[in-house]
Amino acid sequence: MLESQINMDIDTASQIDVVPPHSISVRSLVEFVMQSGDITPGGFQRRDRAQLGTQGHKRVQRSRPDGYETEVEVICQIEDTEPPLVVRGRIDGLYASHEPVIIEEIKTTTLSLELVNENHNPLHWAQAQCYAYMYARQHHLSDIRIHLTYYQLDSHEEKTFERQFSWEDLEIFFSNLITPYLDWFRKVQAWQIRRDQSIEQLNFPYEEYRPGQRDMAVAVYKTIREKNRSYIQSPTGVGKTIGTLFPSVKALGLGLAEKIFYLTAKTSGRLVAEKALEDMRQSNLYLRSVTLTAKEKICFCPPVNCDPDVCIFARGYFDKVKLALEELDQHQAFTRPVIEELARKYEICPFEFSLDLALWVDCIICDYNYVFDPRVYLHRFFDFGIEPYIFLVDEAHNLPDRARAMYSAELDKGTVLQLQRTLKPHVPALAKKLSEINKILLEKRKACEQEGKEALIEHELPETLLKAIREFNHKAEDWLVLNQPVEFRQELLEFYFLCSNYLRTAEYFDTFYISYFERRGQSDLRAKLFCLDPAPMLAVPLERSQSTVFFSATLLPMDYFMKLLTGAAEHPKRIFQSPFPQENVCLLIHNKISTKYVQRADSYDSIAETISTVLGTRAGNYLVYFPSYVYLNEVVERLKERLPERQLLIQERGMTEEARDVFLARFSSTNEETLVGLAVMGGIFGEGIDLVGERLIGVVVVGVGIPQLGLERDLIKEYFDRDLGSGFAYAYQYPGFNRVLQATGRVIRTDTDQGIIVLIDERFTQSHYRQLFPLHWRGYQVVQNTSEVKGKLTRFWGRK
C-alpha cells in the first residue's frame, strides 16, 4: 500500500516539467560569501533591538521628500542554473526620478556616529551594491548612486555616506559575489540529485515490516502528502522511529518536503533516530543529518562564554567555518562526536557549527525547544513563513508539560533581594529599581500571610509588578550595553533574561493563563505566569511546518493528548497494537494494597514483602518504580532486611547522564544473582531505556503514578473542570497513568523477550483506570496476597 502510493506520486512528479526556483535573499547571499570575524562582536543588545531598528527605518523613510519610494522589491534570476536560482531583496529607499538614480540603504545603530566611518561594515556596502546592480539591470541604467545611511537610535541623528557606481563596476562586483555561491549551490544541487536518486531506489531497510509497521508508515506518508497533522499511538516493538522516518525520507525524495525535523525530549530518542537513519544508509541511502546538542553540553569552554577575547572557538569563527563546511561531502551523519571532532580541528564553536550545518542537511535531530520554545527556536528556519517542513514529534506524551514550562515564566523574591544587595555599592540606580520589585513581592507575601494562604491566585496580569520589571529592564539595558567586564555582570544578565521572559510571557496572557504568588520557606515568594493549557500556544510554532506527526508508545488516552497539543481541532489518529505474543508477559494487579497518600505508612512492609516475593520466583534483573523518593527510601529500608544490599541499586536525586549510564550498565544479562533497581516514576529511568532480553525480566510499579499534589496541578484541575468537567483526570489521573505505562514498557522490548509486570494499588482494578488499559493488557490477573503472587509467577516462569 505504501509502495503503490509512492509509485503513483513518482509518476505524477515525473509529469511535472517546471522545477520551482531556489530563492535566496540578498542579505543571506552577502553573509554567506563575505561574513567574517568573531561570533559575538557586538556585545549585549537590547531585548527590543529588532523592533527599535524597524521603527528607526520607518522614521528615516518618513523624513524623506515627496517622490521617495520605500521597500522597492528587486528580483534577479541567475542564468544557466538548474533549478533556477533567484536572488530577491527590498530597497529601503529609492529616488527613481533623480539623475542618476539614488538607492538608499538604511542601517540603525546604538553606537555613537563618531565611531561609524565609511568602511564601518563592508557587508552594508555589499548589500547596497547588490540592490543597485539588480535595479540597474532591470531598468538598463548606465550608472547609479548609493546612499548608505546610519541612524542612531538614541540621538535620532543620521550620518550618510555616498558612492557612485557604473554598470560595469556593479556587474563585476555581483559576478565576483555570486560565483562562489554558485559553486556551492551546484554542489548542493548535485548532492540533492544523488540523494533523491538513492531515495527512489530505497527499500525498507529490514527484511520485513513488523506487525502494524507498514500501516504506520502509510499513515505517516498520507499525513505528509495531505499537509496534515496526525497522532499515532504505538506500543514498544512496532518500530516507531523507522516507521515515521522511512516514509518521511520517501516524501523528501518526491519533493513533498524540504527538510525533516525529528524532535525528541531525551538524548536516548536522538540516538535511536541516528541509528534508524544509519540503517537506511546501510541500504544505500544518501542523506545528511545533524544532531543538535544544547550549547551548555557541547561547549568546549564551560561555563559558556562566547566572548572572542576569552574563547578561541568564537574568535574568527566566520572565517574558519567556511573551511569546515568544505567537509560537508565527507560525512552524512553529523552526530555530536563528528561535530566535536571537526570543531576542534578548525577551532570553531561546535554549537554554532551545528546550527550552520543544519542549513545544508536533510534531517535535523533536536530537542523540542528548537521548534517550540519562543526563547531559543531556530529563527533561521522559522521566521520566513510556512516552509515544506516535516515535524516528527517523538515521545509526544512529554510535550504538554514541556510546553507548559516553555510558555510560563517566574521570578522569586530571594533572587531579587540578593541581586539588589550585590548591585547597591556599584550601580545604585539599578539597585533602587530592584528594591521597587522587592517591595511589591513583599506586599504580596504579606497579603498571603494575612489571608492565611500559601498562594494568591489572580486571573489578571500583575500590572504593578510588570511596570516595575519594565522599568528595571530599561535601566539594566542602559548599563549592559556598556559591556563593562565586572564580576556581577553575569548575575545581572541572567536576571535580566528572567525579567525579559516574564515580560514576553505577559504578552501571551489569556484565559488559559493564570498569575500566582506562592510563599516559599520563611521569607521567599515565587511570582509566576503559568500556562494552564499549552494547545493555544503550540498553535503558532506548529504552523511553521507543513505536516506534523505526534507519536508515542503511551499516547493514551488519545483525546487527552489531542486536547493539550492541538486543542479542539480534529486530526487523523491511529492506535496500533503490540506485535509481541501476549503469552510472553505475565501481568499481575495486586489490589489489596493501597498506596494513597494517607495510607502509605501502612503499606511499606507489605510492599517490601511483595517485592521480595516477586524476586524470589526467579533470579534476574528487575526494576521497581515508586511515586516518590520518600516512598522509595522507606521501602528500601525494609528491603535491606530481606535482601543483601549488594543486590539493591538505588536511584539518587539529580543523577547525571554519566551516573545514569553506570546504573544501567549494572543490568547485565550475565549477572549471576538477582539485581533490583529502585527508581522513581517519571524520572530518568522511567522511559527511554532499552534493556533487552535477560537484562531486564520484570517490573514492579508501586501506585498509579499520580503526580504529587501541589498548587500548579490544582490550578490545572480547576481550569479543566471549568472547561471540560474533567479536571482531576487532566491534572492527576492521566499524567500519572502515563508514567505507569512508560514504566511497564521497559519489560518487553523484542518478540523473544519474556517478563513479568506487577502493579501494586487497589485503584488499578477500578473502572476509571481499567478503561485506560491498552489492549495488550487484557490478559491481566488480579492477586490479593503474596501467596497468589508467588503461585502465578512460579507457574509463568515454569513454562519456559
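Leaving aside neighbours within four places in sequence, Ser-603 is in contact with Ile-593, Ser-594 and Tyr-631, where contact means heavy atoms within 4.5 Å. This serine is found in the loop between strand S19 (585–590) and helix H22, and Ser-603 is buried, with a relative accessible area of 2%; buried stands for under 20% relative accessible area, exposed for over 50%, and partly exposed for what lies in between (1.4 Å probe, protein chains only). Helices (H or I, at least four residues) and strands (E, at least two) are DSSP runs, numbered from the N terminus.

The model is predicted, so that local features need pLDDT of at least 70 and side-chain atom pairs count only at pLDDT 80 or more, while totals for chains, interfaces and linings use all residues. Residues are numbered from 1 along each chain as its sequence is written, and side-chain values use heavy atoms, with hydrogens and water left out.

The predictor's confidence in each residue is given as pLDDT, from 0 to 100; its mean over the protein chain is 93, and 96% of the residues reach 70 or more. Over residues 14–18, however, pLDDT stays under 50, and the model has 0 contacts beyond four places in sequence for them. Where pLDDT is low, the predicted coordinates should not be read in detail.

Arg-618 has its place in the loop between helix H22 (604–617) and strand S20 (621–626), and Thr-511 lies in the loop between helix H19 (489–508) and strand S15 (513–520).

| Residue | Relative accessible area | Class |
|---|---|---|
| Ser-603 | 2% | buried |
| Arg-618 | 21% | partly exposed |
| Thr-511 | 62% | exposed |

The structure holds 0 disulfides, a disulfide being a pair of cysteine sulfur atoms within 2.5 Å. For Cys-311, the closest cysteine sulfur is in Cys-301, and the separation of 3.8 Å is too far for a bond; Cys-311 counts as buried at 7% relative accessibility. Cys-448 is likewise in no disulfide, since the nearest cysteine sulfur, that of Cys-499, is 20 Å away, and Cys-448 is buried, with a relative accessible area of 0%.

A search of the whole structure finds 2 cavities of 30 Å³ or more. On a 1 Å grid over the protein atoms alone, a cavity is a set of points where a 1.4 Å probe fits but cannot get out, and lining residues have an atom within 4 Å of a point; grid points are joined across faces, edges and corners, and a volume is the space filled by probe spheres set on the points.

The largest cavity holds about 100 Å³ of space, and of the 14 residues that line it, Cys-299, Asn-305, Cys-306, Cys-311 and Cys-349 are the closest to its centre. Its lining divides into 12 nonpolar, 1 polar and 1 charged residues, with Ala, Val, Leu, Ile, Met, Phe, Trp, Tyr, Cys and Pro counted as nonpolar, Asp, Glu, Lys and Arg as charged, and the others, Gly among them, as polar.

The second largest cavity has a volume of about 50 Å³, and the residues that line it include Trp-184, Arg-288 and Asp-329. Helix H5 (residues 167–201) gives the most to this lining, with 3 residues, and the lining of the second largest cavity divides into 4 nonpolar, no polar and 4 charged residues.

How values were computed. 1 Å grid on protein atoms, 1.4 Å probe; cavity = no way out; pocket = protein on both sides within 12 Å on 5 of 7 lines; lining within 4 Å.
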